[in-house]
Amino acid sequence: MRHFDFLTAQETAELFAVAPAAFDRDSPAALLGIALGATLYSPGTRPALAEDARRAAAIGATSQVWDLEDGIAHADVPAAQDNVVDQLQSLHSSCESWPLLFVRVRSHQQILDIVGGAGKAACVLTGFVLPKMSPDQGGKQFLQAVVDVSAQVGKTLYAVPVLEHEDLAWQETRTAHLAGLRSLFDRHRQHILSLRVGGTDLCGLFGLRRDSDTTIWDVAVVRDALGDVLNVFARRGDYALSAPVWEHFSGTDRLFKPQLRFTPFERGGRMRLRQQLLREDVDELIREVLLDRANGFHGKTVIHPTHVAIVNTLHAVNREEYDDATTVLAQRDRGGAVASAAGNKMNELGPHGLWAEQVVARAQVYGVLSRPDSVIELLQRGRTLADTVYPARPITTGSAVPGR
């Protein structure tokens with residue numbers, strides 16, 4: 001698979017100075033952790049999960065989660081689990097492509113049961129999303145189950161732990177909680193693909209819910225937790241972290257003014273796209289994704305197909321950023337500082353070294369845009385495709401409770 005694979009060869013050449021590279025389920029874990037991008041959730045009760053996976057791939061989603069946890073009612077869990085097994089077997093018998101596929105489970109036993117029930121079809125899976133992760137016995141059982149089924153399948157299955165436990169939320173328990181998780185994850189490092197933060201659960205513990213005018217970074221108690229998670233796990237680029245879900249999917253009456261500049265859309269002849277984005281309040285989603293990236297997150301959970309293009313497009317590397325990164329890497333051994341090629345900033349060859357490595361890694365997966373207006377064109381192409389593949393569908397999950 002490849003990000004923005006829905007583009008023609010000519011469109012790719014026009015929009016990218018460096019095209020996104022191909023990757024697959026067996027690519028190195030460090031690359032896959034960055035490549036998850038916009039992870040689209042579907043509840044395990046949906047009777048056409050296999051078709052959901054194919055359609056998700058068609059609009060550019062490179063990762064998808066079939067949800068057996070908060071996205072479905074408690075009474076529906078047994079039927080949903082059976083459905084997931086059946087849908088895995090359906091995908092296994094087809095020759096079509098699908099995203100990196102994960103199942104979000106409720107217990108470690110579900111991991112064993114799903115792989116056992118799927119048989120050879122378990123190789124369709126990339127791994128499991130592990131909710132409300134803690135360093136106690138429950139967390140250990142989750143990760144041991146992933147280790148055990150990997151041996152059973154004969155290939156590495158990955159864990160994507162979700163950090164959303166109340167011990168992360170409360171200030172007095174956070175430090176010990178994160179230290180315990182770090183120790184646990186380090187012992188199972190080869191099976192940890194990415195870490196996800198459950199912003200909705202963390203908000204819920206304080207009785208909070210952000211509206212479409214507010215990013216997760218504006219919620220002080222959650223912002224503090226996010227910062228500590230990044231401090232423990234993102235230092236030196238040790239773990240890939242995926243940002244909390246944006247849970248809104250249609251516009252509301254606005255209180256604040258729009259946050260999308262007029263000029264880029266006018267210059268690209270895409271004013272209709274700008275109005276569409278503003279009607280749906282996704283200018284705040286765009287701002288949140290940019291803040292996610294600025295703070296060190298890679299990728300984001302999404303609940304609506306039109307959000308896929310937004311998240312993935314905003315992970316593409318702009319040309320100036322890429323030129324600065326390659327300059328730093330080419331000269332970092334000599335130390336000192338040099339002016340950027342654009343002549344508008346200073347590149348310090350030592351302090352900017354790790355940043356440059358991460359930019360180049362992201363460029364490998366998402367590509368390097370050829371010009372500033374390419375981001376508008378990518379948004380337009382992705383949005384048009386999503387509207388075509390998912391006509392008049394209000395949400396993809398079929399549930400008012402999104403996956404994290």
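In this predicted model, the side chains of Asp186 and Arg182 meet in a salt bridge, with an N to O distance of 3.1 Å. Both residues belong to helix α8 (residues 171–187), where they lie four residues apart, about one turn of the helix. Asp186 is partly exposed, its relative accessible area being 39%, whereas Arg182, at 17%, is buried.

Another salt bridge, between the side chains of Glu51 and Arg54, has an N to O distance of 3.6 Å; these two residues are three apart in helix α3 (residues 49–58), and therefore separated by about one helical turn. Glu51 counts as partly exposed, while Arg54 is buried.

Lys300 forms a salt bridge with Glu288, with 2.7 Å between the closest N and O atoms. This pair links distant parts of the chain, Lys300 lying in strand β9 and Glu288 in helix α13 (residues 282–295), 12 residues apart. Lys300 is buried, and Glu288 is buried as well.

| Salt bridge | N to O distance |
|---|---|
| Asp186 and Arg182 | 3.1 Å |
| Glu51 and Arg54 | 3.6 Å |
| Lys300 and Glu288 | 2.7 Å |

The structure holds 29 salt bridges, and a network of them links Asp67, Glu69, Asp70, Arg104, Lys132 and Asp201.

Turning to the strands, eight of them form an open sheet in the order β8-β7-β6-β5-β4-β3-β2-β9, with parallel pairing. Its edge strands are β8 (241–242) and β9 (300–302), each of which pairs on one side only. Within the sheet, β6 (residues 158–163) runs parallel to β7 (residues 195–197) and is joined to it by two bridges; the partner of Leu163 in β7 is Val197.

Definitions and conventions. Residues are numbered from 1 along each chain as its sequence is written. This is a predicted model: local features need pLDDT of at least 70, side-chain atom pairs count only at pLDDT 80 or more; totals for chains, interfaces and linings use all residues. Side-chain values use heavy atoms; hydrogens and water are left out. Two strands pair if DSSP finds at least two bridges between them. A salt bridge is a side-chain nitrogen of Lys or Arg within 4 Å of a carboxyl oxygen of Asp or Glu. Buried means under 20% relative accessible area, exposed over 50%, partly exposed in between (1.4 Å probe, protein chains only).
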